[in-house]
Structures are given as structure tokens and as C-alpha cells.
Amino acid sequence: MLRSRCIRAHTHHYLCSVWRGTHEIASKLGFAIAGQSIDYSSAYSPISLDLEALIFIPHGRTPSNEKLIFQSHEESSNSKLLPTSLAETAEGAEVFLAQYSDRLTHQPTDFIFLRSPLERTAETAEIYLEVMRGRIPTAPNIQIDSGLLEIDHTSWHGQTVSDIQDNEERALAMSYRAGSFLAAPSDGESNLDLLLRCNTWLQSIQKKYPQKVVCVFGHGTFQNGIETLLCSYGATPPATIFTREAGQSHLKRGYPHAVFPPFHTLRSFNNTT
């Protein structure tokens, strides 16, 4: 019992230290820290992009998604798409083409296609390309953008919360799964760290792709960060956007989500929102 209390006290002390170190980041991004979560501050102003649209396609489901296994940027068998997810992703491609096939045929230069360097996004993109082939004259070129890498859980890689042996690290992992924006592996990223990366990425595409329809084969948590920064769901709290509670997440893996402009054709893409 005493050891358990000491661990909780140590973890609380660590998280308080993190809070002091990240308060400046939160303020810079326009958020206010509320306990282990964040919310929009009164001064928050969504980023305005000079894009026609920004569409995120979260990769198909993997064993890690199903079992809540933490991942770093290493590849593993747990990061491969599940066989059952292949057909779902093909359905997502059909939804995308229903809206954009004519324009892809006649105005292909209006589009930019990007993906993360990780293999699960390549698998997802290839399913979309297979559906596109024969339906449009030329399948798009998909560029790799290292700025799209998913949150990095480093030393927690390949483990669930219960698998983590170190008591302090396991307590942090539990806090992360409970919705903390501050908790992270001692050598990895928190959700707030990820939001800072997402902000940097948004600034970069603003300069590169003005007035384009930018389509991204990416990752769920990274997408949540983008949605939070762009207020894609209005005043919905960040904790709700990031949630992975069963039946609560708006993410539909393998399907397109229009995240900018806010609410732009959102329900025609994803009727679960």
C-alpha cells in the first residue's frame, strides 16, 4: 500500500513538472490546461488555411488499434492492416470517388495526395489507388510527408498498459489512456506535444499548397490534433475529439473525413459524426 502511494505521489509530481513545462506550449497554441486535459482558451482563434479543402483518411484498422497497443515509429506485425479492414477501406475509397471522380478526371492538378512514411498508410493508400485505377484516367501520385508521423510512444511500443513493467511508466500510460494530454513515455510524446507538431505541419502546407484539395492518408491521433486546431467540429472539447472510448470516437478508419473548412461536406463523408 505504501509503495502504491509513493508511486502515485511520484507520478503526480512528474505530471505537475510536465504541466509547468507545457503550460507555455498550451498558451502558444491557444489552449488552457485543465487538470490533465486541455480546452480552448478565450483567446483561441482557429487556424485559417488558404486551401480549398483538407481531407484526412485515417489508415485501416490494425491489431494495435483493436488491442490498444502502444506504437512508436517502428514497423511491426501489429501495425499491418487487418484483413477485415481491407474491404472497409475499399468502401471508403468508393465514398471518396463518389464525390471527386469527375474532378479527378478533368482537373487532376487541383489535388495533392500525401501520406505518412509508415507502412499502414501506404497499405491504405494502395487500396484507394486500386479502386481508382480504371475509374479515372491517371491514378494520383502520393507523396510521402514525414511531418505526418503519428504520435511516438517510443519505449511503450508493442505493449498495452498492463504489459508495461515499470510502475511509474505504467501509471503514466494509464493516465494517457484515461485522456491525459500531458502524460507520455519518459522518452516519447504527449498529446500536447503532438498538437505542437500538428500546428507546425499546418503552417507548412499553407505555404506549399494554396487553393488545393489536400488529401492525406494518415493516422488517427494526428488527425485528431488537426481537427482540434482547425475546430473541425466547432466547439467540441479536445478531449471528446481525441477519445478512444468504445462507441465514442467519430473516426471511421479507411474513410475520408473533410476536416477543413469546418463542417465542409462532413456528413456526406462520414455519417457517424
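The expected span of a helix is 1.5 Å times one less than its number of residues, and helices (H or I, at least four residues) are DSSP runs numbered from the N terminus. The model described here is predicted: local features need pLDDT of at least 70, side-chain atom pairs count only at pLDDT 80 or more, and totals for chains, interfaces and linings use all residues. Residues are numbered from 1 along each chain as its sequence is written, and side-chain values use heavy atoms, with hydrogens and water left out.

| Helix | Residues | Number of residues | Expected span | Span between end C-alpha atoms |
|---|---|---|---|---|
| Helix 3 | 83–106 | 24 residues | 34 Å | 34 Å |

Buried means under 20% relative accessible area, exposed over 50%, and partly exposed in between (1.4 Å probe, protein chains only).

**The largest pocket**

The largest pocket has a volume of about 940 Å³. Of its 35 lining residues, Leu 68, Arg 177, Thr 243, Arg 244 and Arg 253 are the closest to its centre. A pocket is an open set of points on a 1 Å grid over the protein atoms alone, where a 1.4 Å probe fits, with protein on both sides within 12 Å along at least five of seven lines; lining residues have an atom within 4 Å of a point. The volume is the space filled by probe spheres set on the points, which are joined across faces, edges and corners.

Helix 2 gives the most to this lining, with 3 residues. By class, the lining holds 12 nonpolar, 13 polar and 10 charged residues. Ala, Val, Leu, Ile, Met, Phe, Trp, Tyr, Cys and Pro count as nonpolar, Asp, Glu, Lys and Arg as charged, and the others, Gly among them, as polar.

**Ser 72 and the cysteines**

Ser 72 lies in the loop between helix 2 and helix 3 and is buried, with a relative accessible area of 6%. Its C-alpha is 8.1 Å from that of Gly 158, although the two residues are 86 apart in sequence.

Cys 215 counts as buried at 0% relative accessibility, as does Cys 231 at 13%. The structure holds 0 disulfides, a disulfide being a pair of cysteine sulfur atoms within 2.5 Å.

How values were computed
Helix = DSSP H or I, 4+ residues; strand = E, 2+ residues; numbered from the N terminus.
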